[in-house]
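Please look over the sequence and structure first.

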Amino acid sequence: MPLSPHSKKSDRVLPGAKEVDVSEVTPPEEVKKKGISRRGLMIGGAAGVAGLGAVYLMGRGGGGGDAAAGCVTTDLSDTEAVLNMSNWPEYIDEDDGDYVSTLTAFGEESGIDVTYTPDVNDNVEFFAKVRNQLGACQPTGRDMFVLTDWMAARMIEAGWIQQLDKANVPNLDKNLISSLQGVGWDPNRDYSAPWQSGFTGIAYNKSLVGEVTTMDELLTRSDLKGKVTMLTEMRDTMGLLLLADGADPANFTDDQWGNALDKISKARADGQIRAFTGNEYINDLANGNIAACVAWSGDVAAAEDENLVFLPPEEGMMIWSDNMIVPVQGQHKANAEKLIDYYYRPDVAAKLAAYVWYVCPVEGAQAEMEKIDPSLVDNPLIFPTAEYLAQTHGFMALDEAKASQYEKDYADVTG
């Protein structure tokens, strides 16, 4: 089987506290994207908070909950072999010469013509694109979204997502890795199927600065002043800051939140932080416009610049998943389920993982990776060990009022 362009990584070095052999369980170093990848530009300030307000209120009337159940449209899959899917940019393999992408292979195998649109640049920004149609029981023009845990959970809670027919997705139940089973917001995966998962940590350009191992270093080191970026995604940046303060991002108090927020506010006022960004930080890091940043693992891992290093902060890193979900007005649900079942085949999942370098959610894909790129079989950013996962933390579930408050607090600092 030919390798994808992103699979040409057999000579890569995986860094941790020091550069180590590829067989060691530490994250890879490299980075430079062709453009925006899995997570993109986030709308901030008042517009972002307003969008969040709609998200947190949608389950309390206004088309949410039981009211949305009557919005489910007729499935046209039997007569229309098409599927419209929205995903994050640079989050899937692509045809290249003799290399046939997983999506092209799916179309050839199933006969389904997939319109794949990489227009999920940010959870809140994407929600703003579809909320009016969702609230009015109208089609969004999409049969599937790929959204991060917390946003997927909100849409499911609102009643805006269709329940999957388990008979159509046997590979999901059979092959979903144990660490992604039993999530509180969809315990049986009746509504969602993880596309990929990943980590949030620190990245730095080793041609410009020495190793950056903690969030406190990122916020205070004089050689980094004005050369640091943080992510606009609140749960990623604030999760790491809570960890740096010794708090648990999965269970913290308002006082702990306030302390972490004060720390980032001071760093910005002092000129330590250059900007709050989506993953356009990758180009700035590669070009030397910034020296270090809060980063997503796959953005760093999938690039080709040996000077760029991703590592977990000493205090730990954040973990998240993006999920395939079908909106109530998705008109080709059975076709969407065929795609879910296809991507939960271990051979397909391994092929995709070799390209995108995010955590693969499919059991059995690690064994299949031996046939595609043996150098990736023990890569912890794709197939993390239990010890590696022990360094990771999730963000606390928030009710509507608290989520709105925290997002406003964060927007006031980042805006």
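## Pocket, helix pair and cavity

The lining of the largest pocket holds 24 nonpolar, 12 polar and 10 charged residues. Here Ala, Val, Leu, Ile, Met, Phe, Trp, Tyr, Cys and Pro count as nonpolar, Asp, Glu, Lys and Arg as charged, and the others, Gly among them, as polar. The model is predicted: local features need pLDDT of at least 70, side-chain atom pairs count only at pLDDT 80 or more, and totals for chains, interfaces and linings use all residues. Residues are numbered from 1 along each chain as its sequence is written, and side-chain values use heavy atoms, with hydrogens and water left out.

**Largest pocket**

- The space in the largest pocket is about 1000 Å³. On a 1 Å grid over the protein atoms alone, a pocket is an open set of points with protein on both sides within 12 Å along at least five of seven lines, while a cavity is a set where a 1.4 Å probe fits but cannot get out.
- A volume is the space filled by probe spheres set on the points, and grid points are joined across faces, edges and corners.
- Its lining counts 46 residues, and D149, L180, I319, W320 and S321 lie nearest the centre. Lining residues have an atom within 4 Å of a point.
- At least two lining residues come from each of α5 (149-158), α8 (234-244), β11 (317-325), α14 (365-372) and α15 (386-389). Helices (H or I, at least four residues) and strands (E, at least two) are DSSP runs, numbered from the N terminus.
- α5 supplies the largest share, 5 residues.

**Helices α9 and α16**

- α9 (residues 254-269) packs on α16 (residues 400-414) at about 15°, with the axes 10 Å apart. Axes are lines fitted to C-alpha atoms, for helices over the stretch in contact, and angles run from 0 to 180 degrees between N-to-C directions.
- That angle makes α9 roughly parallel to α16 (angles under 35 degrees count as roughly parallel).
- From α9, the contact uses D254, W257, L261, I264, S265 and R268; from α16, K402, Y406, D409, Y410, V413 and T414. Contact means heavy atoms within 4.5 Å.
- These contact residues divide into 6 nonpolar, 2 polar and 4 charged.

**Cavities**

- There are 2 cavities of 30 Å³ or more.
- About 50 Å³ of space lies in the largest cavity.
- Its lining includes W195, M324, Y343, Y344 and L352.
- β6 (193-205) and α13 (346-356) each give at least two lining residues, and β6 gives the most, with 3.
- The lining has 9 nonpolar residues, 1 polar and no charged.

Technical notes: Angles under 35 degrees count as roughly parallel, over 145 as roughly antiparallel, 65 to 115 as roughly perpendicular and the rest as oblique.
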